[in-house]
Amino acid sequence: MSGIIGSAGSKSGVIGAGHDAVAGFRVHRLTTFTITSDALGIVTWESGGVLYDIDGSFSYSTGKFTAKKAGKYFAQGKLMVGLDNTTKFASMAIHKNGENLGGVYNSQISSSCSGNSGAAGSTIFDLAAGDWIALYAGSSYGWSGATTYGDSSGNATYFSAIKIS
């Protein structure tokens, strides 16, 4: 079967071709949570929200993916934020070893809106074995209280990464 890593570690197809092993994860929030701080903090995840964890490197309780293998990784994250007719700003960023990897992605939630809005971002970066990444969320500009949504489909609030080389 193309693209499958065999139980003995042999590879076929495109997935894993050109580098020593595939590593990665995808996790999503199943339930809502409220952003209560202006400072960015690590998003934690429910155990049932881990869709895949290829090499067992993701901890849902800490919200961290710790690389077992060095390489170049692609990561993406998204927060789905509910609008409740008050102005709020939701922010998310992907951090490596606690340091921002290149920007905070903001979503302004206007007092005249209803429905949902999102903040999303992606990046490519190098990880050494033992480095970790996490999705951080917060509320910028002094307005906290944004409700971030989860759902069973995995499309509302999620975080994922994959080793690409």
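These numbered points go through the strands, the core, the surface and the salt bridges of the structure above.

1. Basis. The model is predicted: local features need pLDDT of at least 70 and side-chain atom pairs count only at pLDDT 80 or more, while totals for chains, interfaces and linings use all residues. Residues are numbered from 1 along each chain as its sequence is written, and side-chain values use heavy atoms, with hydrogens and water left out.

2. Strand E14. Helices (H or I, at least four residues) and strands (E, at least two) are DSSP runs, numbered from the N terminus. Strand E14 covers residues 158–163, and five of its six residues are buried. Here buried means under 20% relative accessible area, exposed means over 50%, and partly exposed lies in between (1.4 Å probe, protein chains only). The strand is therefore described as mostly covered.

3. The partner of E14. Strand E1 (residues 24–28) runs antiparallel to E14, and five bridges join them. Two strands pair if DSSP finds at least two bridges between them. Within this pairing, Phe25 has Ala161 of E14 as its bridge partner.

4. Ser160. This residue is found in strand E14. Ser160 counts as buried because its relative accessibility is 7%. What does Ser160 touch, not counting residues up to four places away in sequence? Its contacts (heavy atoms within 4.5 Å) are Phe25, Arg26, Phe74, Ala75 and Gln76.

5. The largest nonpolar core. A nonpolar core is a set of buried Ala, Val, Leu, Ile, Met, Phe, Trp, Tyr and Cys residues joined through side-chain atoms within 4.5 Å. The largest one has 23 residues, and Phe25, Phe65, Ile133, Leu135 and Phe159 touch the most other members. Two or more residues come from each of E1, strand E7 (71–84), strand E8 (88–96), strand E11 (114–127), strand E12 (132–138) and E14. E7 gives the most to this core, with four residues. As background, nonpolar side chains in soluble globular proteins tend to be buried together.

6. Strand E12. Seven of the seven residues of E12 are buried. In a regular strand the side chains alternate between the two faces of the sheet. In E12, Trp132, Ala134, Tyr136 and Gly138 point one way, Ile133, Leu135 and Ala137 point the other way, and all are buried.

7. The partners of E12. Which strands pair with E12 in the antiparallel sense? One is strand E3 (residues 41–42), over two bridges, where Ile42 stands opposite Tyr136. Another is strand E6 (residues 64–66), joined to E12 by three bridges, where Phe65 stands opposite Ile133.

8. Leu40 is in the loop between strand E2 (33–34) and E3. With a relative accessible area of 28%, Leu40 is partly exposed. Leu40 and Gly138 are 98 residues apart in sequence, but their C-alpha atoms are 4.3 Å apart in space.

9. A nonpolar surface patch. Leu51, Tyr52 and Ile54 make a nonpolar surface patch of about 270 Å². Patches are made of residues with over 30% relative accessible area and no salt bridge; like charges are joined within 9 Å, and nonpolar side chains (Val, Leu, Ile, Met, Phe, Trp, Tyr) within 5 Å. Accessible areas come from the Shrake-Rupley method with a 1.4 Å probe, and for residues only the protein chains shown count as cover. Ile54 lies in the loop between strand E4 (50–53) and strand E5 (58–59), and it counts as partly exposed at 42% relative accessibility.

10. How many salt bridges does a search of the whole structure find? The search finds three, a salt bridge being a side-chain nitrogen of Lys or Arg within 4 Å of a carboxyl oxygen of Asp or Glu. In one of them, the side chains of Glu46 and Arg29 meet at 3.5 Å, N to O. Glu46 lies in the loop between E3 and E4 and Arg29 in the loop between E1 and E2, so the pair ties together parts that are 17 residues apart in sequence. Both Glu46 and Arg29 are buried.

11. Lys72 and Asp126. The closest N and O atoms of this salt bridge are 3.0 Å apart. The pair links distant parts of the chain, with Lys72 in strand E7 and Asp126 in strand E11, 54 residues apart. Lys72 is partly exposed at 31% relative accessibility, and Asp126 is partly exposed at 43%.

12. Asp131 and Lys96. Here the closest N and O atoms of the salt bridge are 3.9 Å apart. Asp131 is in the loop between E11 and E12 and Lys96 is in strand E8, 35 residues apart. Asp131 counts as buried at 15% relative accessibility, whereas Lys96 is partly exposed, with a relative accessible area of 24%.
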